[in-house]
Amino acid sequence: MDKSKRLYFKSKRSFRRRLPPIGSGDRIDYRNMSLISRFISEQGKILSRRVNRLNLKQQRLITIAIKQARILSLLPFLSNEKQFERGESAARTAGLRIKKGDRLTLHLNQNSNTNSKAD
């Protein structure tokens, strides 16, 4: 065989076919937390269809089940870690958003409260 023909042969690599993430017996339901939690990121976001390797119908059913579980307080809307980080940063920047005039009135109100307690 000459070299020019050898270039066009595809290499026969064996690959393992991935199993579908949802088995035939698995029921997609808002109560099935073990199944639903596989399709949520650490931040609490619903993973995309490409990442999940689901077909369109399964992705829609998973999305509806996740939303129902969130409404019924079975799942959080956001992860606790994310809420803590956001609350911490909001506390740091809250003082920067106050205008100078507002600060002055805040200080006056605080001083008047301390004076009335002393009386």
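Modeller: Arg38 and Asp26 form a salt bridge, their closest N and O atoms being 4.0 Å apart. The term requires a side-chain nitrogen of Lys or Arg within 4 Å of a carboxyl oxygen of Asp or Glu. This is a predicted model, in which local features need pLDDT of at least 70 and side-chain atom pairs count only at pLDDT 80 or more, while totals for chains, interfaces and linings use all residues. Residues are numbered from 1 along each chain as its sequence is written, and side-chain values use heavy atoms, with hydrogens and water left out.

The pair links distant parts of the chain, 12 residues apart: Arg38 lies in the loop between H2 and H3, and Asp26 in the loop between helix H1 (3-6) and H2. Helices here are DSSP runs of H or I with at least four residues, strands are runs of E with at least two, and both are numbered from the N terminus. Arg38 is partly exposed because its relative accessible area is 46%, and Asp26 is partly exposed because its value is 35%. Buried means under 20% relative accessible area, exposed over 50%, and partly exposed in between, with a 1.4 Å probe and protein chains only.

A search of the whole structure finds 2 salt bridges. Asp29 also forms one, with Arg31, at 2.8 Å between the closest N and O atoms. Asp29 counts as buried because its relative accessibility is 15%, whereas Arg31, at 57%, is exposed. Side chains of opposite charge can pair when their charged atoms come close.

Buried residues make up 16% of its 119 residues. The largest nonpolar core has 11 residues, among them Leu35, Ile36, Phe39 and Ile40. Such a core is a set of buried Ala, Val, Leu, Ile, Met, Phe, Trp, Tyr and Cys residues joined through side-chain atoms within 4.5 Å. Helix H2 (33-36) and helix H4 (56-71) each supply at least two of the core residues, and the largest share, 4 residues, comes from H4. In soluble globular proteins, nonpolar side chains tend to be buried together.

Beyond its neighbours within four places in sequence, Ile40 is in contact, meaning heavy atoms within 4.5 Å, with Lys45, Leu47, Ile66 and Leu75. Phe39 is one of the residues touched by Asn52, as are Pro21, Leu47 and Gln59, not counting residues up to four places away in sequence. Asn52 is placed in helix H3 and counts as buried because its relative accessibility is 5%.

Two backbone features deserve mention. Arg53, in the loop between helix H3 (49-52) and H4, has a positive phi of about 60° although it is not a glycine. With 43% relative accessibility, Arg53 counts as partly exposed. Ser73, in the loop between H4 and helix H5 (80-94), has a positive phi of about 65° and is likewise not a glycine. Ser73 counts as exposed because its relative accessibility is 63%. Most residues other than glycine have a negative phi, and most peptide bonds are trans.
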